[in-house]
Amino acid sequence: MSPLFLFLAFVALLSALGVVFAKNPVHSVLFLILTFFALSGHYLLLNAQFLAAVNIIVYAGAIMVLFLFVIMFLNLNVDTEPHKPALAKIAAAVAGGSLLLILVAALKDVQPTGATLDATFDSQIGMVDRLGLVLYQQYLLPFELASVLFLVAMVGAVMLGKREAGERNF
């Protein structure tokens with residue numbers, strides 16, 4: 001294993017723990033952004049440049065801005081947080097422990113297999129130009145239908161957002 005992989009795994013695990021255990025929700029979002037950057041580093045190590053770029057742009061960019069907006073809009077304070085009874089905390093711990101037990105029982109007999117480097121290995125498999133060729137040749141119709149669907153959703157959101165008082169848009 002490369003030292004860069006180990007460093008990225010260490011950063012991803014620590015920042016994921018920071019997401020869970022941070023008291024401040026804004027700090028949790030910042031730890032989540034750090035986790036996304038560490039995962040993008042793993043994607044780069046796997047030669048998936050497009051996936052790394054999309055992860056940074058979409059998740060670490062747009063989705064995290066939306067999370068921060070919702071957190072700021074809700075104005076979460078410790079003072080306004082209702083007190084959780086001890087029974088609820090115990091029930092949550094029991095539910096989490098049972099989920100862990102089920103996962104361990106389900107995965108105990110799994111035999112992981114590594115990738116074999118034979119004659120079918122293609123080092124260009126995760127490149128952006130290959131993905132573009134597949135998208136625009138093999139999957140052109142679904143790709144264009146998805147873009148039309150997104151366009152209709154954007155127009156609908158603008159129509160709903162710009163509605164005047166007493167006006168009907170449809």
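This note sets out numbered points on the predicted model shown above.

1. Basis of the note. The model is predicted, so local features need pLDDT of at least 70 and side-chain atom pairs count only at pLDDT 80 or more, while totals for chains, interfaces and linings use all residues. Residues are numbered from 1 along each chain as its sequence is written, and side-chain values use heavy atoms, with hydrogens and water left out.

2. Overall composition. The protein has six helices and zero strands, in the order α-α-α-α-α-α along the sequence. Helices (H or I, at least four residues) and strands (E, at least two) are DSSP runs, numbered from the N terminus.

3. Burial and surface. Of the 170 residues of the protein, 12% count as buried. Buried means under 20% relative accessible area, exposed over 50%, and partly exposed in between (1.4 Å probe, protein chains only). The protein exposes about 13900 Å², of which carbon and sulfur atoms supply 75%. Accessible areas come from the Shrake-Rupley method with a 1.4 Å probe; for residues, only the protein chains shown count as cover.

4. Contacts along the chain. Among contacts in the protein with a separation of 6 or more, 51% are between residues 24 or more positions apart. Contact means heavy atoms within 4.5 Å.

5. The nonpolar core. The largest nonpolar core has six residues, namely V29, I33, F36, A60, M64 and I71. Helices α2 and α3 (49-74) each supply at least two residues of this core. A nonpolar core is a set of buried Ala, Val, Leu, Ile, Met, Phe, Trp, Tyr and Cys residues joined through side-chain atoms within 4.5 Å.

6. S40. This residue is found in helix α2 (residues 25-45). S40 is buried, with a relative accessible area of 2%. The side chains of S40 and N55 are joined by a polar contact of 2.8 Å. A polar contact is a pair of N or O atoms within 3.5 Å; within protein, one must be able to donate a hydrogen and the other to accept it, and residues adjacent in sequence count only if both atoms are side-chain atoms. Apart from neighbours within four places in sequence, S40 is in contact with A52, N55 and I56.

7. T35. Also in helix α2, T35 counts as buried at 10% relative accessibility. A polar atom of the T35 side chain lies 2.9 Å from the backbone oxygen of F31. Not counting residues up to four places away in sequence, T35 touches A12, S15, A16 and V19.

8. The nonpolar patch. On the surface, M1, L4, F5, L6, F7 and L45 form a nonpolar patch with about 640 Å² of accessible area together. Helix α1 (residues 3-21) gives the most to this patch, with four residues. L45 lies in helix α2 and counts as partly exposed at 39% relative accessibility. Like charges are joined within 9 Å, and nonpolar side chains (Val, Leu, Ile, Met, Phe, Trp, Tyr) within 5 Å.

9. F10. Residue F10 is found in helix α1 and counts as exposed at 52% relative accessibility. The C-alpha atoms of F10 and A38 are separated by 8.9 Å, the two residues being 28 residues apart along the chain.

10. N47. The loop between α2 and α3 contains N47. Phi of N47 is near 65°, a positive value in a residue other than glycine. N47 counts as partly exposed at 24% relative accessibility.

Key. Patches are made of residues with over 30% relative accessible area and no salt bridge: like charges are joined within 9 Å, nonpolar side chains (Val, Leu, Ile, Met, Phe, Trp, Tyr) within 5 Å. A salt bridge is a side-chain nitrogen of Lys or Arg within 4 Å of a carboxyl oxygen of Asp or Glu.
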